[in-house]
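Hello,

Please have a look at it first and then read on.

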Amino acid sequence: MRHGAVLLADRHSPMLEGVRDLLEGCFEAVIMVADESSLFQAVDKLQPACVIVDVSFPCSNRAADNIVSQLHRLAPDLKLIALSVHDERAVAERVLELGALGFVVKGSAVTDLLPAIEAVMSGQTYVSGSVYPPMRSQASEGVLL
């Protein structure tokens, strides 16, 4: 199923390019941004169906915990998936508390990102399987919470 636009925010252009290739089949448009100003302008003007953002994306608002909380305050109904190099459970739980509906470890983005998008777009929460290892033998599969 193709959704509207997705906004991808990451400072690392190789990551942006790789993830963009994955997303082009799922969305009508893939918009990539690499700075905070562009991110907030795109969310405001384009009202994307989904935002995928690196949890370490810089956030100039010192009152915000991080970019996820800032985005959630700006657009509480936003379908938000956080990308992270960290696979610690505490990081995933904190990001979900701040308003993300999905948490994908960058190392497993190739296998986890599309299922995460489908889950989040249907109102479910998704976390990479390396964070919450599933009962099945394939730890790379994600977990719906």
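Which side chains meet in a salt bridge at 2.9 Å, N to O? They are those of Arg 20 and Glu 17, where a salt bridge is a side-chain nitrogen of Lys or Arg within 4 Å of a carboxyl oxygen of Asp or Glu.

A word on the basis: this is a predicted model, in which local features need pLDDT of at least 70, side-chain atom pairs count only at pLDDT 80 or more, and totals for chains, interfaces and linings use all residues. Residues are numbered from 1 along each chain as its sequence is written, and side-chain values use heavy atoms, with hydrogens and water left out.

The protein chain has a mean pLDDT (the predictor's confidence in each residue, from 0 to 100) of 85, and 88% of its residues reach 70 or more.

Back to the pair: Arg 20 and Glu 17 both sit in helix H1 (residues 13-23), three residues apart, or about one turn of the helix. Helices here are DSSP runs of H or I, at least four residues, numbered from the N terminus. Arg 20 is partly exposed, at 24% relative accessible area (buried is under 20%, exposed over 50%, partly exposed in between; 1.4 Å probe, protein chains only). Arg 20 also forms a salt bridge with Asp 21, at 3.7 Å between the closest N and O atoms.

Glu 97 is exposed, at 60%.

In helix H3 (residues 67-74), the buried residues include Ile 67 and Leu 71.

Best wishes

Technical notes. Helices (H or I, at least four residues) and strands (E, at least two) are DSSP runs, numbered from the N terminus.
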